[in-house]
Protein chains: 2
Amino acid sequence: KEFNIDIWNLRKLPNILRTSFWEITVSYVDEGKINEIINIEPGDTSRKNYGIAVDVGTTTISASLIDLNKGERIKTEITFNKQASFGDDIISRIVFAEKKDGLEKLHHVVTETINELILNLSQKHGISLNDITSIVVSGNMTMVHLLLKINPSFLRKEPYIPVANIFPLFKSAEVGLRINPNGILAIIPGGFPYVGGDITSGIIVSGIYKEDDLSLFVDIGTNGEIVVGNKDFLVCCAASAGPCFEGSGVKNGVRAIKGAIEKVKIENNKVHFETIGNEKPIGICGSGYIELIGELFKNGIINRNGVFIIENEKIRDVDGIKEFVIYEDKNERIVITQADIENLIRAKGAIYSAISTILKTLGINKNDIKKFYIAGGFGSHLNIQKAIEIGLFPDLPLDRFKFLGNTSLLGAEGYLLSDEFRNLSKEIIKKLTYIDLSRSPIYMEEYLKSLFIPHTDF
Amino acid sequence: KEFNIDIWNLRKLPNILRTSFWEITVSYVDEGKINEIINIEPGDTSRKNYGIAVDVGTTTISASLIDLNKGERIKTEITFNKQASFGDDIISRIVFAEKKDGLEKLHHVVTETINELILNLSQKHGISLNDITSIVVSGNMTMVHLLLKINPSFLRKEPYIPVANIFPLFKSAEVGLRINPNGILAIIPGGFPYVGGDITSGIIVSGIYKEDDLSLFVDIGTNGEIVVGNKDFLVCCAASAGPCFEGSGVKNGVRAIKGAIEKVKIENNKVHFETIGNEKPIGICGSGYIELIGELFKNGIINRNGVFIIENEKIRDVDGIKEFVIYEDKNERIVITQADIENLIRAKGAIYSAISTILKTLGINKNDIKKFYIAGGFGSHLNIQKAIEIGLFPDLPLDRFKFLGNTSLLGAEGYLLSDEFRNLSKEIIKKLTYIDLSRSPIYMEEYLKSLFIPHTDF
């Protein structure tokens with residue numbers, strides 16, 4: 001194997017060799033044919049060797065601090081993507097990027113968001129930024145373009161292609177990410193404009209690419225991406241769901257953090273709920289909203305269209321918009337509004353109709369799906385039964401469903417730690433094919449049918 | 001083959017592809033396994049593709065502008081290395097580099113010197129700096145360290161090793177060289193602290209590495225480097241000759257440029273000379289000095305020690321130092337001083353004794369040397385006979401000598417144009433072994449014996 005060294009490390013080398021009596025520690029990234037030297041330190045510093053894995057989502061960004069020697073995650077932190085102030089979804093971000101200084105601003109705030117996560121993680125665990133030598137990013141292609149400050153506008157123009165599928169290694173400093181100044185940034189390969197390295201990650205983490213059985217994988221974020229396939233083929237599509245399952249764009253939405261309401265039961269007009277960590281409630285997260293919509297419907301509080309149909313002391317009218325109170329104390333009030341319900345129904349409809357469209361397009365009956373993998377930033381207690389009841393997922397036996405958590409982030413962690421993962425990711429994107437829902441005659445029909453609870457096919 | 005792209009070119013790519021209707025020109029450097037993309041331009045700009053080859057000598061720097069499409073040299077320019085103001089030879093440069101800001105200054109002026117050559121060449125031939133995408137540097141290891149701004153002090157400290165033998169590709173901008181900002185800088189591999197890529201070049205250009213016969217190659221610059229060998233082995237050494245053969249450190253010394261006196265004959269106390277280009281004389285170049293010393297000795301004007309031994313109207317005394325007048329008009333006077341002669345004898349002695357030391361060390365009789373290759377920045381009319389007469393070269397049949405010109409520069413040109421040259425250069429440095437003259441018990445004895453005209457063995 002060859003090693004490649006840059007001029008900054010080469011300049012350090014002569015002095016470091018002598019002052020350390022020829023004992024040095026070299027950090028490098030193995031990228032197939034050439035090992036790229038990242039950092040040279042005097043003495044044996046090999047016990048301090050860290051990496052950052054990042055899932056850059058449209059609405060939320062998660063980062064894990066990884067001990068590369070132990071191959072272990074130390075901690076994960078999650079925050080909202082500051083880009084959200086420039087638009088909720090991918091398309092509005094691309095539109096903003098086309099404005100004067102738009103790309104610069106979007107690039108700036110996303111690197112700022114990631115840098116804050118890195119700084120938090122390193123400070124809390126007493127790790128010097130200098131000892132963090134690599135960072136792996138998993139994300140949809142728009143997020144990757146914006147992070148790299150590459151014009152994303154051609155993602156939505158024919159021939160709809162990202163600037164690259166397989167990205168070279170970058171110097172993290174070139175992209176404005178603050179780890180070791182010579183640190184390396186790797187981007188997980190991605191196949192299509194709306195299906196990026198996040199889905200490559202999901203395919204590998206779920207393992208659907210190596211199964212005999214037909215599986216469906218769905219990653220629910222602001223964009224919902226779906227993959228159907230097995231060891232012989234992999235087909236994907238993407239639909240815009242909006243940010244409400246991630247706790248944004250809904251009145252009391254929060255991410256799946258401590259205090260987030262993630263379980264809800266309504267009995268005799270009394271609301272029972274559980275929060276993550278059993279903390280005082282601070283809002284409702286995606287899995288909480290799924291349960292809540294199901295309970296509101298089951299208790300006849302909303303109709304199939306999601307409209308409040310009863311008078312009830314828990315239903316208030318605020319500035320002409322009805323809302324249902326989940327929790328109230330002296331200082332705080334947690335509610336779900338009529339607008340929230342409409343957003344959530346549109347979101348679940350977008351996901352469900354994407355699932356049914358891809359299955360119909362491929363001529364696959366839903367019952368042929370032997371495994372149904374769910375990924376996304378939900379809380380740890382996603383209630384599959386409730387998700388079926390509100391019409392987010394098709395009605396399949398419960399034992400076929402498996403919730404995988406944030407596979408995009410898990411993929412970035414895997415990519416950081418495993419040669420096999422890196423090689424596999426390049427194979428996966430060659431195997432994957434794409435269905436463009438916006439050009440699908442089936443999709444609009446399916447979408448309109450799905451804007452009910454659960455949906456018209458139930 | 002894989003291509004590697006940097007972030008700057010990647011950022012340009014989406015817009016360039018569309019504005020040029022997908023017709024682009026990609027400039028890349030083929031470095032074995034990976035092609036490194038240097039520049040992406042809209043449309044077909046493949047007819048504009050230039051490179052710069054540079055010989056960075058201790059005293060003089062030469063640069064050729066190369067049309068990479070045609071594989072042809074357009075023009076060569078030569079100038080003095082501005083580093084000379086910080087010291088004449090390698091050791092004094094290293095010492096200066098160890099002072100505060102010394103390395104920075106030496107680095108600055110050498111890049112400035114090269115940039116001026118590049119600018120001259122490009123402007124005279126109407127070529128945009130943007131169309132110059134690569135630069136290859138051949139030079140001794142001290143010059144390479146200083147160019148790259150790498151501390152050279154360990155070149156003269158045990159274990160006497162350069163920072164690298166085979167250098168990675170650099171971005172020219174990282175090193176401060178002004179061609180296309182994404183342009184690549186390649187350094188010809190070099191083997192030893194005082195025998196660098198300039199000698200790798202010389203070995204390849206002379207072809208001694210593939211001959212059956214035993215050859216000797218000598219590159220005469222401020223440092224004199226000698227290689228002895230054939231297709232089976234290659235041994236080298238280096239000796240400090242000082243800059244006088246390159247027209248520096250002698251009163252009326254000039255480089256081998258138009259107007260330089262390169263041929264001299266003295267008959268009946270009359271001096272006949274020829275200048276390069278038959279121009280009005282401006283000074284004396286290396287080959288001129290060699291002839292001049294020989295003529296002064298043959299005519300009994302100096303003795304074997306180089307001391308003026310006759311009274312003569314051409315010999316003047318200026319501030320206590322004698323000088324011999326070669327040319328005089330109303331405005332100008334071209335002379336050789338007693339100090340010049342001493343410098344020249346020391347220089348020729350250093351080269352000759354290095355040659356005899358390497359031969360004695362290897363147990364080779366001078367007559368076994370079937371080919372004697374001479375490289376250096378001499379004028380085109382180096383008189384071998386005269387060089388033997390003054391004791392610069394051993395007394396061998398004249399048909400064994402071949403003057404090759406500046407093989408360091410020719411090597412840089414070859415490296416720029418040929419894959420084979422690049423591969424060969426890496427093989428050569430593995431094959432080459434080094435004799436350290438400063439540790440050789442033979443060398444000092446040989447040197448003292450050589451401080452005569454021609455020398456005590458004659």
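1. A word on terms before anything else: a residue counts as buried when its relative accessible area is under 20%, as exposed when that area is over 50%, and as partly exposed in between, using a 1.4 Å probe and protein chains only. At 2% relative accessibility, Glu323(A) is buried by that rule.

2. Housekeeping next. This is a predicted model, where local features need pLDDT of at least 70 and side-chain atom pairs count only at pLDDT 80 or more, while totals for chains, interfaces and linings use all residues. Residues are numbered from 1 along each chain as its sequence is written, chains are lettered from A and ligands numbered from 1 in the order in which they are written, and side-chain values use heavy atoms, with hydrogens and water left out.

3. Salt bridges: the count over all chains is 48, a salt bridge being a side-chain nitrogen of Lys or Arg within 4 Å of a carboxyl oxygen of Asp or Glu. One of them joins the side chains of Glu323(A) and Lys251(A), at 3.1 Å from N to O. Glu323(A) sits in strand E17 (residues 321–328) of chain A, and Lys251(A) in the loop between strands E12 (234–240) and E13 (260–267) of chain A, 72 residues apart. Helices (H or I, at least four residues) and strands (E, at least two) are DSSP runs, numbered from the N terminus.

4. Lys251(A), Arg316(A), Glu323(A), Glu328(A) and Arg333(A) are linked in a network of salt bridges.

5. Have a look at Glu77(A) and Lys124(A) too, whose side chains form a salt bridge of 2.5 Å, N to O. Glu77(A) is in strand E6 (residues 72–80) of chain A and Lys124(A) in helix H3 (residues 102–124) of chain A, so the contact ties together parts 47 residues apart in sequence. Glu77(A) is buried, with a relative accessible area of 11%, whereas Lys124(A) is exposed at 53%.

6. Glu295(A) and Lys386(A) make another salt bridge, with their closest N and O atoms 3.1 Å apart. The partners come from helix H6 (residues 286–298) and helix H8 (residues 384–389) of chain A, 91 residues apart. Here both Glu295(A) and Lys386(A) are buried.

7. Now for strand E12(A), which is mostly covered, with six of its seven residues buried. Strand E11 (residues 223–229) of chain A pairs with E12(A) in the antiparallel sense over seven bridges, where pairing needs at least two bridges found by DSSP. The two strands form a hairpin with four residues between them, and Asn223(A) stands opposite Ser240(A). E12(A) also runs parallel to strand E21 (residues 432–434) of chain A, joined by three bridges, and there Leu234(A) faces Leu432(A).

8. Over in chain B, three strands make an open sheet of mixed pairing, in the order E14-E13-E15. Strands E14 (270–275) and E15 (283–284) of chain B are the edges, each pairing on one side only. Strand E13 (residues 260–267) of chain B runs antiparallel to E14(B), with six bridges between them; Val264(B) has Phe273(B) as its bridge partner.

9. Last point, still on that sheet. Helix H7 (residues 286–298) of chain B lies across E13 and E15 of chain B, at about 10° to E13(B). Axes are lines fitted to C-alpha atoms, for helices over the stretch in contact, and angles run from 0 to 180 degrees between N-to-C directions; contact means heavy atoms within 4.5 Å.
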